[in-house]
Amino acid sequence: MKYRLILFDVDSTMTSTEGIDLMGELSPHGTQIADITRQAMEGSLDFESSIRARVALLKDLPETVTSAAAEASRISEGAEETFKALKDQGFRIGLASGGFHEIIEKVFAGWNFDLIVAQRLHVAAGRLTGQLASPIVGRAEKAQVLREFAGKYGIDLSETIAVGDGSNDIDMIRTAGLGIAYRAKAALRAVADHQIEDLREIIPLVS
């Protein structure tokens, strides 16, 4: 088998929604947060500064906002079918996200991914503080996640696939043996090996 491991982005890839925007809708700053997200994914804003700015706008929301965002999240069409097909072929499957573990672990409960790497929100007295409780998972970090994920299982990078939609996925896409842009922004399409509009298009590429 040519490929043995795959690493997916989450927001707007494995889900059709953006977790931080869903939280933003429960704040007074929803429009501003969504606009920053759009600019960051297009590559016109630095991801690290954009995530800090968006998280700051969530300050004082109750920590239950992550559960509400998880309930409002929508898994992308074909994601589950693709996941099962890859599992059946023995793939190691991971998620690397600039989103939040508190949302992702609820949305994908029971899926049994081999790896989930995402950020965590800082909470005090039951409310978001507007700060992060973990390092930012940005462009360079996603590529490093792929390297370490492959290394853990003794898999060469040439045998890996990365799938994403935005500029934050560029380094990961470039690092993988096969970089796939899913309904992607122009910045990512420019560097991807392959472009798809449905996650199920991955299945024939690896069969």
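Contact here means heavy atoms within 4.5 Å. The model is predicted.

**Stop 1: the main core**

Select Ile202 and show its neighbours. Leaving aside residues up to four places away in sequence, Ile202 touches Ile6, Phe8, Thr82, Leu86, Val163, Ile180 and Ile196. Now widen the selection to the largest nonpolar core, which has 48 residues. Phe8 and Ile202 are the residues with the most contacts inside this core. Next, colour residues 30-42: this is helix H2, which gives the most to the core, with four residues.

**Stop 2**

In soluble globular proteins, nonpolar side chains tend to be buried together.

**Stop 3: the largest cavity**

The largest cavity holds about 140 Å³ of space. Which residues are closest to its centre? Select Asp11, Glu18, Phe47, Gly98 and Gly99, which are the closest of the 18 residues in the lining.

Then show helix H1 (19-24), H2, helix H3 (47-56) and strand E2 (92-100), the elements that each give two or more residues to the lining of the largest cavity. E2 supplies the largest share, four residues. Colour this lining by class to see seven charged, six polar and five nonpolar residues.

**Stop 4: the second largest cavity**

Select Val10, Asp11, Thr15, Gly19, Ile20, Ser73, Gly99, Phe100, Ile103, Ile104, Val107 and Phe108, which line the second largest cavity. The volume of this cavity is about 70 Å³. H1, E2 and helix H6 (101-107) are the elements that give two or more residues to its lining. The largest share, three residues, comes from H6. By class, the lining of the second largest cavity has seven nonpolar, four polar and one charged residues.

Keep Asp11 and Gly99 selected: both line the second largest cavity, and both are among the residues closest to the centre of the largest cavity.

**Stop 5: the largest pocket**

Finish at the largest pocket, with a volume of about 210 Å³. Select Asp46, Phe47, Glu48, Arg139 and Asn168, the closest to the pocket centre of the 14 lining residues. H3 and helix H7 (139-152) each supply at least two residues of this lining, and H7 gives the largest share, three residues. The pocket lining divides into six nonpolar, four polar and four charged residues.

Phe47 links two stops: it is among the residues closest to the centre of the largest pocket and among those closest to the centre of the largest cavity.

Definitions and conventions. Residues are numbered from 1 along each chain as its sequence is written. This is a predicted model: local features need pLDDT of at least 70, side-chain atom pairs count only at pLDDT 80 or more; totals for chains, interfaces and linings use all residues. Side-chain values use heavy atoms; hydrogens and water are left out. A nonpolar core is a set of buried Ala, Val, Leu, Ile, Met, Phe, Trp, Tyr and Cys residues joined through side-chain atoms within 4.5 Å. Buried means under 20% relative accessible area, exposed over 50%, partly exposed in between (1.4 Å probe, protein chains only). On a 1 Å grid over the protein atoms alone, a cavity is a set of points where a 1.4 Å probe fits but cannot get out, and a pocket is an open set with protein on both sides within 12 Å along at least five of seven lines; lining residues have an atom within 4 Å of a point. Grid points are joined across faces, edges and corners, and a volume is the space filled by probe spheres set on the points. Ala, Val, Leu, Ile, Met, Phe, Trp, Tyr, Cys and Pro count as nonpolar, Asp, Glu, Lys and Arg as charged, and the others, Gly among them, as polar.
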